[in-house]
Amino acid sequence: MESAKWSQLWLDYKKCKDSVEKIAIEVLGFDRAHRVIDSGVKELKLALGRIFGAEVSEGNGAADPFAVKIVKDSAVAKEGYELVSSASEIRITASDENGALYGIFAAIRKLSCGVAKEEISEKAAPSNPLRMMNHWDNMDGSIERGYSGNSFFFVDNEIVVDERTVDYARFMASIGINGIVINNVNVKDAASYLITDRYFAKVKELSEVFADYGIRLYLSLNFASPIELGGLELCDPLDESVINWWKDKVKEVYDKLPLLGGFLVKADSEGRPGPFTYGRTQADGANMLGDVIKPYGGIIIWRCFVYNCTQDWRDYKTDRARAGYDYFKNLDGQYHDNVILQIKNGPMDFQIREPISPLLGGLTKTNQMLEVQIAQEYTGHQIDLCYLVPMFKEVLDFKTYCQKDNDTIADVVSGRAFGNSLAGMAAVINTGNDFNWTGNYLAAANLYGFGRLSYNTELSSEEIAREWIKMTFSLEIVDEDMLTDMLLRSREIYEKYTSPLGIGWMVTPNGHYGPSVDGYEYSRWGTYHRADHLGIGVDRTDKGTGYAQQYYKENAEVYNDPKKCPDNLVLFFHHLPYTWKLQSGKTVIQHIYDTHFEGYAEAKEIAANWEKLEGKIPSDMYNNVHHRFEMQLANAREWCDQVNSYFYRKSGIEDELHREIY
Ligand code: BDP
């Protein structure tokens, strides 16, 4: 076999049992020459050729025994599709080109998952208008929080557009992604020059590759560009010289990059410049850019990850969890139409367990979208297995009580709740230039899963896992069941051996892999567990920091009361004695001991399950994951030992089961 340059992930089309000699592709009603239709036809040719061993041609099909027809029909929903099939054809109907492309990939997905060609039927429309990936790639080729090698966009401050870029765009389109931010939100050094002549030609080329697959390219923006690029003395969003500079700059940008979707901005956060420097609000900053980009149809995605990262850990009242809501809620309704706020799923920072950000749905008059992280920064660095789709489902299903019905996070971020047309989901992506794209082969389930979920939030974690497994590996059903089970349990296992009961952190500073119970305890980041010899947890009730009151009444009441608060978040909201009885009936300390021992034991179980797949999947895949499980077990053991010892020594309370604690 010809050796591949990089993995084809879930698009590595394999031959099915059914052989078909000839298949005709027909395009009806769409312009065959349209770039997206052309990509779709190319993909069909490749896939059908491989799956059926067929000779695939384009034609009117009349004489051919089997045809795949791509049909335009304005009755189908925007970016949606309908699939029907019979003994002689598969018919893919859509009203626009993106819908047709998604329909094509859906038909291929069905075939790859073993559905007979005569039995293909599905009707779909995207849950979210914006379905985006955010790269944290730097121009020097490094990736912030990247665990899969270096950037495939940037090498030594140059932009690379090659076959790999095309494959990347195919993968993203196949899961319904329609927007990609190519550079890190921390825009520094060469990245500031992405909006200058230095890079326009290459960014344009990249935007064209994306456009072939129905994807818009976006750029992260340096709010201080007027200073850094323009030589101005300030970047005050209300200053006329600043506004004029931006007007000229954005005109130039759109002259050179007509396909640009807009900008993503991290301002006033972790050392980034922003409107606060000039006594202006976040709305002042976002609206100024929104107004400037409006004539070109662009949008401004403004992140809400704004908090004081130089706080005093002695000060109990300054609660980082409150910051997003405190800074943004009172400006609700002031953001302009083409501005959308991007809000992390939790109030802290992508921990394995956090409550849902109260800002989501707390805002009712503002465009908003959800940000999650599939780069496993705090969830095991793509070494430990952690299938994140169940977490994303929990977020989407959360009932905010922002109104009587239609009040879940899925309703809010899709735009359904309040009728916004700018709405959606974004993920900090987990890819790099490793052969397999995601470091750990199994981490591709998160890449695949996020895309599928952003297109259809109704899919279950299990359905997504099974699709991905079927398309990636060819396994017997017992093995598929086993791997599905491993994925579905993995998040809970990771949670068990790391930080307990929603408290978060306890992680090695900077790197964020492995335990360090007090690593962030006496630092400036606002990330505390407040453990002493009597108890642990942060009082975020009305008697503490008041964070629980940022939720609508129904949720606030639950979180405010340690007897009602779900166990898995109880230390996020309450400071409790180690002897406190949880709803499970266990004490806090016994829960800590039990879950840590269980987490390590269950990690061993899933690692052992993987060994049952030896010889059933390609050896490079097997070895890659096997090696990572070895590292995961060492990590899980370390967490288990350190956390249990720490709390045993702090509390002096014996484990009821008298297991070995050091
Ligand atoms: C944190 C990361 C940091 C990012 C920041 C962000 O540690 O590298 O820059 O989030 O989201 O999780 O801006």
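**Close-up views of a predicted model**

**View 1. Asp349 sits in a loop between two strands.** Asp349 lies in the loop between strand 14 (339–344) and strand 15 (368–373). Strands here are DSSP runs of E with at least two residues, helices are runs of H or I with at least four residues, and both are numbered from the N terminus. This is a predicted model, in which local features need pLDDT of at least 70, side-chain atom pairs count only at pLDDT 80 or more, and totals for chains, interfaces and linings use all residues. Residues are numbered from 1 along each chain as its sequence is written. Asp349 counts as buried because 20 other C-beta atoms lie within 10 Å. The cut-offs are 20 or more other C-beta atoms within 10 Å for buried, 12 or fewer for exposed, and in between for partly exposed, with C-beta atoms placed from the backbone.

**View 2. Glu270 sits in another loop.** Glu270 is in the loop between strand 12 (260–265) and helix 7 (282–293). Glu270 has 13 C-beta neighbours inside 10 Å, so it is partly exposed. In the unreviewed UniProt entry, the annotation "active site" covers Glu270, Asp349 and Glu377. UniProt positions follow the numbering used here, feature names are shortened, and annotations may be inferred rather than shown by experiment.

View 3. Strand 14 and strand 15 pair in the parallel sense over four bridges. Pairing requires at least two DSSP bridges between two strands. Gln342 has Met369, in strand 15, as its bridge partner.

**View 4. Met172 belongs to the largest nonpolar core.** This core has 200 residues, and those with the most contacts inside it are Met172, Ile180, Ile300 and Ile409. Helix 2 (residues 97–112) gives the most to this core, with nine residues. A nonpolar core is a set of buried Ala, Val, Leu, Ile, Met, Phe, Trp, Tyr and Cys residues joined through C-beta atoms within 7 Å. Beyond its neighbours within four places in sequence, Met172 is in contact with Met133, Ile177, Ile180, Tyr213, Ile215 and Gly451. Contact means C-beta atoms, placed from the backbone, within 7 Å. In soluble globular proteins, nonpolar side chains tend to be buried together. Buried residues make up 54% of the 662 residues in this protein.

Conventions:
Two residues are in contact if their C-beta atoms, placed from the backbone, lie within 7 Å.
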